[in-house]
Amino acid sequence: MATEQIRMPQLGESVTEGTISKWLVTVGDMVNKYDPLAEVMTDKVNAEVPSSFTGVIKELIAEEGETLAVGEIICTIEVEDSSTEDPSLAVKTNTEETSRIESAPAAGQENKARYSPAVLKISQQHGIDLTKVSGTGAGGRITRKDLLKLIESGNIPTTEHKVDPLNESVQSPEVKHDAAQAIPSQPAALSTPAAVPVKTGDIEIPVTGVRKAIAANMLRSKHEAPHAWTMIEVDATNLVEYRNGLKDEFKKKEGFNLTFFAFFVKAVAQALKEFPQINSMWAGDKIIQKKDINISIAVATEDALYVPVIKNADEKTIKGIAREISELAVKVRTGKLKSEDMQGGTFTVNNTGSFGSVQSMGIINYPQAAILQVESIVKRPVVINNMIAVRDMVNLCMSLDHRVLDGLVCGRFLQRVKEILENTSKSTTTIY
């Protein structure tokens, strides 16, 4: 019998860690290759991790609720023949590493020194000296539950703290070093949370893996991309009349809603084809102008924001885009979104108008070069031919990465989107 390792897979572009939300197996279970082992939650998707082997579960190293970096071991399996491994599903360890793990002493001092991001976060928040904690996990590994039990008992082993003269934060040098190794892509600012006093009646809400990842990605975007912002006003009166005249018949015939948002996504996709510079990404020493026009759309749940992608939006009809918007929204809100639904986005359109916003500045969906906020359509008095008229008006607000884009091309892009929308009517536009 040989022992093989299952590691945290990368479930999407830019995903650096995942949280074990639920184990689907227990120690001693017989599993076949490709059988689901656990449900994993990331900032982009909820997914099942399949087994790369046929064998018996030997050890569950990660606990439910624990967050691990991509590539960290989550469980081990005893197999008859390790040659059955599928390299696309697991990270193969070399012979030297495997033999070292199998020959590790029972005390498990090597494993004890490796801390998961969840353990590091709790230890920093409560000033716990991890070198003085006895772990109950595999090979003496310190788990999240070990720290929570210590905190509950009040018997917390503390360490000598060192004050950083630059930010006056108090942190253990050992923990700080390990944290940087465990989460290399996370901005340093997130590792030094503010000391917020908690008073009677205050509610402490644990930061989930999804919320932590959203925070890290947004902070990275704001720190790395020099954001600029521009807005244009669009007269959507003809569009409103056209869509309102079709929506009831469309819903009855097709079974899903014909939303205003579908018209905006289609207009953006068409304009991106004419202004391909906008459909670009920053890559350090070069700018990558993407051939495919894949529109990321923001879909919110009660506690998180997901960004599924409409692939090749420029090739789809308004009806096709409306169908995808409906299907992706259902997947997000039922937890059925897959990693492939989140990948490949080149430009983001956010429907901020759905909750009444009339002006906003979005944070760019890194590493894309821009994001467009579609605000609420509202009736306003405007001057047409020296006369005041009531029209359906909407603001389009665009945030751009000034390393990639300049105001001139963005202004022309928005003018083109405006032109397409203002000329949308029964006589000029078909939804099929």
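In these legends, contact means heavy atoms within 4.5 Å. All views are taken from a predicted model.

View 1. When neighbours within four places in sequence are set aside, the residues in contact with Glu64 are Ile20, Ser21, Lys22 and Trp23. For Trp23, the backbone nitrogen lies 3.0 Å from a polar atom of the Glu64 side chain. Val40 is 24 residues from Glu64 along the chain, and the C-alpha atoms of these two residues are separated by 9.4 Å.

**View 2. An open antiparallel sheet of four strands.** The strands are arranged in the order β1-β8-β6-β3, and their pairing is antiparallel. At the edges stand β1 (2-7) and β3 (30-31), each of which pairs on one side only. Strand β6 (residues 55-60) runs antiparallel to β3 and is joined to β3 by two bridges. Within this pair of strands, Met30 stands opposite Val56 of β6. In general, strands of a sheet pair through backbone hydrogen bonds, in either a parallel or an antiparallel manner.

View 3. Gln373 lies in β19, which spans residues 370-374. With a relative accessibility of 4%, Gln373 falls under the 20% limit and therefore counts as buried. The Gln373 side chain makes a polar contact of 3.0 Å with the side chain of Ser360. A polar contact of 3.3 Å joins the side chain of Gln373 to that of Asn350. Residues up to four places away in sequence not being counted, Gln373 touches Asn350, Thr352, Ser360, Met361, Gly362, Asn395, Leu396 and Cys397.

**View 4. Buried and exposed faces of helix α4.** Helix α4 comprises residues 144-153, and Asp146, Leu147 and Leu150 are buried in it. Seen down the axis of α4, the buried residues fall within an arc of 95 degrees and so line one face of the helix. Lys145, Lys149 and Glu152 are exposed and are carried on the face of α4 turned away from its buried side. An α-helix has 3.6 residues a turn, so residues three or four places apart point the same way. Just after α4, Gly154 takes a positive phi of about 85 degrees.

Technical notes: Residues numbered from 1 in each chain as written. Predicted model: local features only at pLDDT ≥ 70, side-chain atom pairs only at ≥ 80, totals over all residues. Heavy atoms only, no water. Pairing = 2+ DSSP bridges. Polar contact = N/O pair within 3.5 Å; in protein donor to acceptor, adjacent residues only side chain to side chain. Buried < 20%, exposed > 50% of the residue type's maximum accessible area, 1.4 Å probe, protein only. Arc of directions from axis to C-beta.
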